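Subject: Structure handover

Hello,

Here is the structure I said I would pass on. Please open it and keep it in view while you read my notes below.

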Amino acid sequence: IRRQRQMCIRDRDGLAGDKKNIGRSNFADLAKRNYDGHSDKFLLRINALDTEEYKEDIKMLKSLPSLPFSIAIPKIESPDECRTFLNDIGKKVLILPQVETPRGIANVETWECSDIEFSGIGFGSADYCASTGGDMGKDSLAYGRGKIINAAALYNTLALDGVWLDFRDADGCKAETEYVKSMGFKGRFAIHPCLLYTSDAADE
């Protein structure tokens with residue numbers, strides 16, 4: 001998001017298994033420094049609820065003096081999973097559900113979620129296509145993208161598109177960012193710092 005960019009720190013597939021504890025320790029140190037005065041700029045992506053790593057994430061989050069701006073949760077298929085996380089952590093925080101399965105996409109427009117505060121709804125395009133057999137082209141993503149945009153409008157929050165995988169192709173990233181912006185997305189995830197500037201340029 002151009003003027004309200006958040007830094008997403010990933011504690012999932014972004015870190016190798018033997019590095020996850022180091023990642024948690026580093027994030028806890030950041031929280032103890034009050035996020036260097038920028039708590040509103042940090043979003044933490046945790047592990048999926050059905051993993052053992054999720055339990056370790058909860059322990060870490062409960063130990064923090066304060067939480068970041070928002071928590072992103074992958075593989076969300078229903079609002080009850082968001083409520084499970086909120087019950088597990090025992091604190092109020094903005095949720096960013098990442099919807100990336102066929103079941104999640106099918107159900108996302110029918111959530112009963114007035115009791116949940118969202119920072120946005122994210123489309124996990126790569127995992128979605130891994131399930132559907134899509135090629136990550138516009139046609140294979142059109143249905144899922146449309147569902148995410150409509151759901152975000154229903155719940156009065158932001159629609160966030162998935163990552164552009166080829167970070168060396170800045171022109172392709174810019175063109176696709178312009179395209180998803182025209183669809184109604186308000187931002188997107190990035191896997192490399194150089195893509196932040198490319199996405200910003202597409203937003204001008």
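Helix α7 covers residues 170–183, which is 14 residues. In this predicted model, the distance from the first C-alpha of α7 to the last is 20 Å, close to the 20 Å expected at 1.5 Å a residue. The buried residues of α7 are G172, C173, E176, T177 and V180. Looking down the axis of α7, you will find these buried residues within an arc of 130°, so they line one face of the helix. On the face turned away from that buried side are the exposed residues D171 and S182. After α7 comes G184, which has a positive phi, near 130°.

Next, helix α2. The 12 residues of α2 should span 16 Å at 1.5 Å a residue, and the end C-alpha atoms are 18 Å apart, which agrees. Which residues of α2 are buried? They are Y54, D57, I58, M60 and L61. Seen down the axis of α2, the buried residues fall within an arc of 165°, so they too line one face of their helix. The exposed residues E52, K59 and S63 sit on the face of α2 turned away from the buried side. As for partners, the buried residues of α2 pack against α1 (20–32), β2 (42–45), β3 (70–73) and α3.

Two packed helices are described by the angle between their axes and the distance between the axes. For α2 (residues 52–63) and α3 (residues 79–89), the angle is about 50° and the axes are 9 Å apart. On the α2 side, the contact is made by Y54, I58, L61 and K62. On the α3 side, T84, F85, D88 and I89 take part. Sorted by class, the contact has 5 nonpolar, 1 polar and 2 charged residues.

Last, the chain as a whole. How many helices and strands does the protein chain have? There are 8 helices and 7 strands. Of the 204 residues in the protein chain, 44% are buried. Among contacts with a separation of 6 or more, 73% are between residues 24 or more positions apart.

Regards

Terms used: Residues are numbered from 1 along each chain as its sequence is written. This is a predicted model: local features need pLDDT of at least 70, side-chain atom pairs count only at pLDDT 80 or more; totals for chains, interfaces and linings use all residues. Side-chain values use heavy atoms; hydrogens and water are left out. Helices (H or I, at least four residues) and strands (E, at least two) are DSSP runs, numbered from the N terminus. The expected span of a helix is 1.5 Å times one less than its number of residues. Buried means under 20% relative accessible area, exposed over 50%, partly exposed in between (1.4 Å probe, protein chains only). The arc is that of the directions from the helix axis to the C-beta atoms. Axes are lines fitted to C-alpha atoms, for helices over the stretch in contact, and angles run from 0 to 180 degrees between N-to-C directions. Contact means heavy atoms within 4.5 Å. Ala, Val, Leu, Ile, Met, Phe, Trp, Tyr, Cys and Pro count as nonpolar, Asp, Glu, Lys and Arg as charged, and the others, Gly among them, as polar.
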